[in-house]
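Please read the following note alongside the model. The points are numbered so that they can be taken up one at a time.

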Amino acid sequence: MIPPKADVLVIMPHPDDSEFGCAGTVARWTKEGKRVVYVVITNGDKGTSDRSLTPAKLSVIRQAEQREAARVLGVSDVVYLGYPDQGLEDSPGLRKDIVRQIRLYRPDTVVTLDPYRRYVWHRDHRIAGQVVLDAVYPYARDHLAYPDMLAEGLEPHNVKEMYFTASEDVNFRSDVTDTFELKVQALACHKSQVGDRIAEIGEGLRHRAEEMARGQSFELAEAFHYIDLEMLGPYRKKDKI
Ligand SMILES: [Zn+2]
């Protein structure tokens with residue numbers, strides 16, 4: 001069944017990546033009436049230093065935490081693709097799974113992690129960012145990319161814009177002054193990750209948000225690399241004829 005269209009699809013490898021990267025912006029968007037859907041690629045089953053937790057138990061805990069955080073932010077739906085944590089590869093299968101979600105939800109905006117952060121960068125983050133970018137363009141767009149999806153009724157889809165979190169090449173600062181507290185509340189839902197350090201983490205994030213807003217007309221910002229896919233030139237213009 002084809003779900004209602006989302007305005008924004010946030011596609012991240014792990015439960016909590018969205019909250020760290022873009023929760024303030026997500027909360028602002030949902031307050032503005034936008035429909036935001038999360039796609040979480042892995043089950044997060046390696047993210048612990050607690051040796052008493054099995055991967056299976058951890059993945060159940062982390063999915064519940066992510067659902068709770070999404071509820072705090074007004075996110076409409078959370079889709080789990082169930083890949084193993086630390087197990088992502090830039091594979092045809094993963095690319096196709098992401099294209100499927102894009103064609104199902106038909107978002108104008110896609111948010112993911114910046115794949116081009118240098119040196120120490122979680123492999124799942126690097127690979128997820130790259131695969132999401134490739135899935136948006138050109139694979140979700142081209143009807144011949146996946147004839148079987150077309151036969152299922154999943155039409156090609158043009159995403160209009162992308163936001164990349166954790167970028168070293170920031171060109172967009174999003175005003176989260178009014179939603180920063182919700183971001184911290186949503187992060188606090190990820191108890192298996194933040195434990196009792198939420199006050200300290202919130203403080204660090206506030207400091208960073210102040211820094212990112214320096215020179216802007218607002219107080220707190222989340223920073224992104226932004227691309228307008230409608231401005232990409234002849235390839236896109238051709239689509240519009
Ligand atoms: Zn992550």
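Which element gives the most to the lining of the largest pocket? Point 2 takes this up.

1. Basis. This is a predicted model, in which local features need pLDDT of at least 70 and side-chain atom pairs count only at pLDDT 80 or more, while totals for chains, interfaces and linings use all residues. Residues are numbered from 1 along each chain as its sequence is written, and side-chain values use heavy atoms, with hydrogens and water left out.

2. The largest pocket. H8 gives the most to the lining of the largest pocket, with 5 residues. The elements giving two or more residues to that lining are H1, helix H6 (180-188), helix H7 (191-194), helix H8 (198-212) and strand E7 (221-228). Helices (H or I, at least four residues) and strands (E, at least two) are DSSP runs, numbered from the N terminus. The largest pocket is lined by 32 residues, and Asp-17, Phe-20, Gly-21, Trp-121 and Ala-166 lie nearest its centre. About 670 Å³ of space lies in this pocket.

3. How the pocket is defined. On a 1 Å grid over the protein atoms alone, a pocket is an open set of points with protein on both sides within 12 Å along at least five of seven lines, where a 1.4 Å probe fits; lining residues have an atom within 4 Å of a point. Grid points are joined across faces, edges and corners, and the volume is the space filled by probe spheres set on the points.

4. The zinc site. The zinc ion is coordinated by His-14 (ND1), Asp-17 (OD), Asp-17 (OD) and His-125 (NE2), at 2.0 to 2.6 Å. His-14 lies in the loop between strand E1 (8-12) and helix H1 (17-31), and His-125 in helix H4 (residues 123-139), so this pair links distant parts of the chain, 111 residues apart. In sequence, the donor residues follow the spacing H-x2-D-x107-H. Donors are N, O and S atoms within 2.8 Å of the metal (3.2 Å for Na, K and Ca); water is not among the atoms, so sites may look incomplete.

5. Geometry at the zinc ion. The arrangement is irregular because the 4 donor atoms subtend angles of 54 to 130°. Four donors count as tetrahedral if all angles lie between 85 and 135 degrees; four count as square planar and six as octahedral if opposite donors are over 155 degrees apart and all others between 65 and 115; anything else is irregular.

6. Helix H4. His-14 and His-125 are buried. Buried means under 20% relative accessible area, exposed over 50%, and partly exposed in between (1.4 Å probe, protein chains only). Among the buried residues of H4 are Asp-124, Ile-127, Val-131, Leu-133 and Val-136. The 17 residues of H4 should span 24 Å at 1.5 Å a residue, and the end C-alpha atoms are 22 Å apart, which agrees. The expected span is 1.5 Å times one less than the number of residues. Pro-138 is found in helix H4, and a cis peptide bond joins Tyr-137 and Pro-138, with omega about 10°.

7. Salt bridges. The count comes to 14 salt bridges, each a side-chain nitrogen of Lys or Arg within 4 Å of a carboxyl oxygen of Asp or Glu. Glu-89 forms one with Arg-123, the closest N and O atoms being 2.7 Å apart. That pair links distant parts of the chain, 34 residues apart: Glu-89 is in the loop between strand E3 (77-83) and helix H3 (92-105), and Arg-123 is in helix H4. Arg-118 and Glu-168 meet in another, at 3.1 Å, N to O. Arg-118 lies in the loop between strand E4 (109-113) and H4, and Glu-168 in the loop between strand E5 (161-165) and strand E6 (172-175), so this pair ties together parts that are 50 residues apart in sequence. Arg-118 counts as exposed at 55% relative accessibility, and Glu-168 as partly exposed at 41%. Lys-5, Asp-108 and Lys-160 are linked in a network of salt bridges.

8. Backbone points to check. Most residues other than glycine have a negative phi, and most peptide bonds are trans. Tyr-119 has a positive phi, near 60°; Tyr-119 is in the loop between E4 and H4 and counts as exposed at 75% relative accessibility. Ala-166 has a positive phi of about 55° and is placed in the loop between E5 and E6. Ala-166 is partly exposed, with a relative accessible area of 26%.
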